[in-house]
Amino acid sequence: MNTASVSLGTSVSSQSRFMQLVLSAFLGIFVIGVVGFSHIDAVHNAAHDYRHSMAFPCH
Amino acid sequence: MNLFRNVVFVAAIAGLVAGVVLACMQAYATVPLILKAEVYEQAGGGHQHEHAAAPAANATDTNAMSTAAPAENAMSSAASAPAEAAAPAEDEGWAPADGFERFAFSVLANIVTGIGFALVLVAVSEFAGGIGNWRQGIFWGLAGFAVFTLAPGLGLPPELPAMPAADLTQRQIWWWATVAATAAGLGLIAFRKSLPLAILAVALIVAPHVVGAPQPDNYVTSIPEGLHHQFVVAVTVTNLVFWLVLGAVVGVVRGRFTGTATSLRDSFA
């Protein structure tokens, strides 16, 4: 991976780079999980049409 | 945390744009079908108190349950009993009121998860050198569509309210496992130039469908097959456009951010 000079973070070490990207991905998965997959009734009802429209498992 | 901040920034813009686009498409393509299906759900006796509220309408609904025609009858019965709109709230806790509030929460969900999908897309693509321009973004978007919509949608097609389904948690586990296996498979094909790994990739992509998605005990539903088919098409196409927009916007925003859009052109192949 020698593209560091043209990546989004120009001056980070490869280990730090790895951790930050993994953290970003997990943050995204967490957000999707809460809005689209939470079993809490209020969250389900709020995003009900969205869950159906995204073909997320629902009900 | 310079890189993290930049990833979040690019993802926020792309997720916002793609989320708003998807919410607009859903308002025209999928939500009207969900509302139609909810009429069947209520006509099918999902909520007891309706029998008292609209007994005359219920008679016609049960007659017509197995045919594809009763949408108009059922729709008018729903209109004649506005109290039904709030019905789910009694059984299942708080729910947004029908109309603007419900729409607003859908838009919010679209934007928030749009940013979530964008975070995953940007983070994963950065490992592979990053999305350099809108055209690379289209290809990354196609991959996202295959991973998050096509693959899980084969085993668990988009479902309308009142359709039978297996245990929720089991379906969610299958959904995430399929997403992970398909993503790993596509990654191996795209970024490892090795035949054995390509074969492993195909096995990974096929495996969830050999295992099979959790299925309901029976498939009896009052939802007409035509309505469901229409919904499957609408969901698939709107998600395709969402992913293409998401990828393309990531490419554009990231290109502006780094100022090196053109130098990444050949990093994909």
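Select A:Ala55. This residue is buried, because 23 other C-beta atoms lie within 10 Å. (Buried means 20 or more other C-beta atoms within 10 Å of the residue's own, exposed means 12 or fewer, and partly exposed is in between; C-beta atoms are placed from the backbone.) A:Ala55 sits in the segment after H3 of chain A. (Helices are DSSP runs of H or I with at least four residues, strands are runs of E with at least two, and both are numbered from the N terminus.) Check the backbone here: A:Ala55 has a positive phi of about 60° although it is not a glycine. Most residues other than glycine have a negative phi.

Before moving on, some ground rules. This is a predicted model, in which local features need pLDDT of at least 70, side-chain atom pairs count only at pLDDT 80 or more, and totals for chains, interfaces and linings use all residues. Residues are numbered from 1 along each chain as its sequence is written, while chains are lettered from A and ligands numbered from 1 in the order in which they are written.

**Stop 1: A:Ser53**

Step back to A:Ser53, in helix H3 (residues 48–53) of chain A. Is A:Ser53 buried or exposed? A:Ser53 is buried, because 30 other C-beta atoms lie within 10 Å. Now show what A:Ser53 touches, leaving out residues up to four places away in sequence: B:Gln26, B:Thr30, B:Val31, B:Val235 and B:Thr238. (Two residues are in contact if their C-beta atoms, placed from the backbone, lie within 7 Å.)

**Stop 2: chain A**

Of its 59 residues, 46% count as buried. Color by pLDDT, the predictor's confidence in each residue, from 0 to 100. Chain A averages 85, and 81% of the residues score at least 70. Now select residues 1–5 of chain A, where pLDDT stays under 50.

Next, pick H1(A). Its 24 residues should span 34 Å at 1.5 Å a residue, and its end C-alpha atoms are 33 Å apart, which agrees. (The expected span is 1.5 Å times one less than the number of residues.) Among the buried residues of H1(A) are A:Arg17, A:Gln20, A:Val31 and A:Phe37. What covers the buried residues of H1(A)? The cover includes H3 of chain A together with H1, H7 and H9 of chain B.

**Stop 3: where the chains meet**

Show both chains. In all, 35 residues of chain A are in contact with 59 residues of chain B. On the chain A side, H1(A) gives the largest share, 14 residues. That side divides into 20 nonpolar, twelve polar and three charged residues. (Ala, Val, Leu, Ile, Met, Phe, Trp, Tyr, Cys and Pro count as nonpolar, Asp, Glu, Lys and Arg as charged, and the others, Gly among them, as polar.) The predictor gives the complex an ipTM of 0.86 and a pTM of 0.81.

**Stop 4: chain B**

Chain B has eleven helices and zero strands. Of its 269 residues, 44% count as buried. Select H2(B). Eleven of its 13 residues are buried, including B:Val31, B:Lys36, B:Glu38 and B:Tyr40.

Move to B:Ala162, in the loop between H8 and H9 of chain B. Its phi is near 75°, a positive value in a residue other than glycine. B:Ala162 counts as partly exposed, because it has 18 C-beta neighbours inside 10 Å.

**Stop 5: the core**

Which residues touch the most other members of the largest nonpolar core? Of its 71 residues, they are B:Val7, B:Ala14, B:Ala118, B:Leu246 and B:Val250. (A nonpolar core is a set of buried Ala, Val, Leu, Ile, Met, Phe, Trp, Tyr and Cys residues joined through C-beta atoms within 7 Å.) Elements giving two or more residues to this core include helix H1 (14–37) of chain A and helix H11 (225–258) of chain B. Center on B:Val250. Leaving aside neighbours within four places in sequence, B:Val250 is in contact with residues including B:Val10, B:Leu121 and B:Ile131.

Chain B has a mean pLDDT of 83, and 78% of its residues reach 70 or more. Select residues 47–90 of chain B, where pLDDT stays under 50. Then select residues 261–269 of chain B, where pLDDT is also below 50. Where pLDDT is low, the predicted coordinates should not be read in detail.
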